Amino acid sequence: MSAKVEIDFTLNGVREQRAVAADMSALAMLRDVVGLTGTKYGCGEGECGACTIRVDGVTLNACLMFAVDCDGREVTTIEGLAATPPGEKLRASFVEHGAVQCGFCTPGLVMQASHLIEKNPGAGEEEIRRGIEGNLCRCTGYRKIIEAIAGAK
Amino acid sequence: MGEAQKTVARETLIGKRIPKMDAPEKASGRTRYLHDIDLPGQLHAKILRSTQVHALIKSIDTGAAKRLPGVHAVITAADVPWQRPIGVAKDHLPLKTGRVRSLRDEVAAVAADSVEIAAAALALIRVEYEPLPPLTDPVEALQPGAPLIHPEPHGGDGGPQLKPGGPVAYTGKPDNVAMTFEYAQGDVAQGERESDAVVEDVFRLHYVTHCCMGVSGVIAEFDASGNLLLHSNTQVPFLHKREFAEMLGIDPGRVRIIQPPIGGGFGSKLDIYPFEPIAIFLARATGRPVKLVYTREEEFEASPTRQPVLLKLRSGCTRDGALTFRAVETLHDNGAYTSWGATTPFVMMQTVSSLYRVPHCKYRTRAVYTNNPYAGSFRGYGNLQATFAVEAHMDRLADAIGMDPLEFRLKNAQQPGEVTPQGMHFGTCGFKECLSTAAARSAYQRKRLEHASRQGDASPLKRGVGIASMLHVGGGAKIYPSDGCGTILKIDDFAHVTLITGASEIGQGSETVLAQLVCEELGLPLSSVTVVNNDTDITPWDVGVHASRTTFIAGNSAIGAAKKAKDKILAAAAAKSGRASGDLQLSGGFVVTPEGEKLFELGKFLRSLHFSDKADLVMTTFYYEPPSHHQDREFKGDVSAAYAWASQVAEVEVDTRTGIVKLLSITAAHDVGRVLNRLGIEGQIEGGVVMGQGYALTENLIVEGGAVKNPSFRDYKLVTAPEIPEMDISFIETMDGEGPQGAKGVGEAPAICVAAAVANAIHNATGVRITSLPFTPERVYRALRGKLEAPVWNVPA
């Protein structure tokens, strides 16, 4: 219910101009204003990673970022990543390795994995484990997620 | 095998690594969970919860909240005098009247144009309380003079005004005992006389909670005729349909439940919780769709927990290693209301009486009301608690008589054909194979001796191995009048199959395994099947996704429907080709002869049935009811059509300077009947093991004075990727005669004995036995220094 701020940014390769409340999170903007629901609310305080997005290439928790801070930046969500070759490769690997159960954490993990692979294409198992420690999964026990990321490199 | 037979030996799907059918959507962010659905005209709801642990409600002033722009309805119990108590014991009114009994208690609710307005409206509601003495210690609940939690009737029009034939109400309780369970077999006193070794311990099992990554939520909507449509995450849609209908006083046929993909279940969605009726009340009050979704903090504070238990166990054996008796008494902290947690003794007593052969047994539970959070069902359903105690005593008794713990277990392990005194019939039973496989693959016996011999070494890092096993229902659980599941199967003109099943998908992979079983019968690829499983107006009845039952029960149901379809197709093909139908098969999308000759392409053949003089479509139904039995009044009975077994060896490293316990590996051997989908079953085991690891080492819902002190993932520690152990998983395939393609249920099994194995491993590493969970650094550090207070049994008789 605070004042609206005009922002201008790139979302999944498309330029967007939106008026958003000053206190709105990037997560709320993506889900409720733009209507991209692949980015999930899991905790709202940066502990679970379900809302992982990439901003100027870096992964962060959309719930901890103000929507207004997207201004002038390049934002990628799971919907954007999924439409690219690296996203398709990750999806295929997550599917093939059984890394998906309820799937609620999956978009965040795929986002985090894309960043991890890009930053460190030679990442070994330990580095992959460390690389996704900010993403919680309650179903899989992580084993198959680690294998999926290793298999998508 | 002759050449001809070889040509038709089609490739089986059973045992293969089959990716989940819903995974591509989920991994690309396209899956629409309940949270992602917004209906036109939808309002957003929030609940005002009690600020008092125990108090009388003196007044509620909703005037200011109602005047806030954008607020459509503010309701309290006074607005829904027809509401009925919900839950397992029907002791729980969705909106509280007269008294609040816990901090999660629902006092009022708002429906507004946005979540923000609803939250602002809550802040304007004024509630005046008269505090009552809180009761937050379950032991105290049994003391004379303890505060009473449910002294007066509630529900209907409110206690004394209740009219005969009027709304159903809870009658109240003159004490705090919510439920009791007593079971006995043989004569424990005789067993004790025959014992050469007797051990006794008190165990304390803590609060943990499900932590589904998708928080709880519901969307309720009435149509113009008063029919209710719920978008719900429930695990038991058909039971809830009936209960909501009773609450609303309408025919159950007028309640439709759609389950969007569910972001984790684990048993948390087996009971109706107040938020669901409250959303319904608000939808009725406003005439609009009402969406109610929890925050994570609310999820921690107002969702069910695993049942916390204080447990006293006394066990004995002879000097040559035969178990003689077991006596168990438990105190269950029921919390303020009764949900499924109170009934976990059904499972606990099975482990006590029947995991190992023990002639004399007695079991007693009292579940008592307090002002604490209340426990629901949670993967394993009491079995983690019971197994933790029973397996500690298997090690202690083996120690007492100087026997190798593995040998001691093998000597007392159940075997195929056993009928236990509790009436459980073990048809297939791979327990001994589980024990020997897990032990051999982990080098358990050698490592146990080596690690024990190093307890006195100078190194501060100690290693240990521990073994534990479990028994759990693996062929359904006959709790309700039926434990069945229905299937409707349709094969269209293009040989595409629509499998309509009552079974709910909660991420475990049921739709994939059901499709796989159908394809196996019909000789079709998995891409030929669409599964419809989430709409009670379409799907046939199922009792729900619980008790590790779905693959077994819904699998048999799906196979039954597919067999009928196959019979029908082959009979028609036989008539057309002049061959005996027994000679024909379905394979690779064709009707084929034993020699492999393709007689008819299936789609073409189905069209020829359809567009003929005697037009016919291939649509079949099947209802599978397992051949199991309800327990009698003494809790005896063969409740499951099959039983699952597992043994797990944990290896740990204990840092004696810090108390940090690192779980290095879990070597698991599971009797799963038969592997259907190898990828899926590995995922179930791995996920269950890590959930068990959390129970053992990191997770602890801290409840003090009735309040949850750590309602966030920052302070409630789920296991993260760097912490998971190495996992070595073996499948013991006992080919259960009743199971679908020989399989048994496995969903809960892997989580059950991890903590027990870890406890035994810590003992092997350090010589210290810890009987309370979780094994946090602080607890272990104190225990290693003799400074941990062991749980005591100070419960009034």
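Setting aside neighbours within four places in sequence, Glu106(B) makes contact (heavy atoms within 4.5 Å) with Ile47(B), Leu48(B), Arg49(B), His92(B), Pro94(B), Leu95(B), Lys96(B), Pro274(B) and Ile278(B). Glu106(B) sits in strand β5 (residues 106-112) of chain B; helices (H or I, at least four residues) and strands (E, at least two) are DSSP runs, numbered from the N terminus. With 2% relative accessibility, Glu106(B) counts as buried, the cut-offs being under 20% relative accessible area for buried, over 50% for exposed and partly exposed in between (1.4 Å probe, protein chains only). From C-alpha to C-alpha, Glu106(B) and Glu182(B) are 33 Å apart in space and 76 residues apart in sequence.

This is a predicted model, in which local features need pLDDT of at least 70, side-chain atom pairs count only at pLDDT 80 or more, and totals for chains, interfaces and linings use all residues. Residues are numbered from 1 along each chain as its sequence is written, chains are lettered from A and ligands numbered from 1 in the order in which they are written, and side-chain values use heavy atoms, with hydrogens and water left out.

Now for chain B as a whole. It has 21 helices and 30 strands. Its radius of gyration (over C-alpha atoms) is 28 Å, close to the 28 Å that the globule rule (2.2 Å times the number of residues to the power 0.38) gives for 797 residues, so chain B is as compact as a globular protein of that length. The C-alpha trace of chain B spans about 85 × 75 × 50 Å along its principal axes, and 64% of the 797 residues are buried. Of the contacts in chain B between residues at least 6 apart in sequence, 79% join residues at least 24 apart.

Beyond four places in sequence, Val758(B) contacts Ala650(B), Val652(B), Leu663(B), Ala696(B), Leu697(B) and Phe775(B).

Ala562(B) belongs to helix α16 (residues 550-577) of chain B and is buried, at 0% relative accessible area. Not counting residues up to four places away in sequence, Ala562(B) touches Leu489(B), Val518(B), Glu521(B) and Leu522(B).
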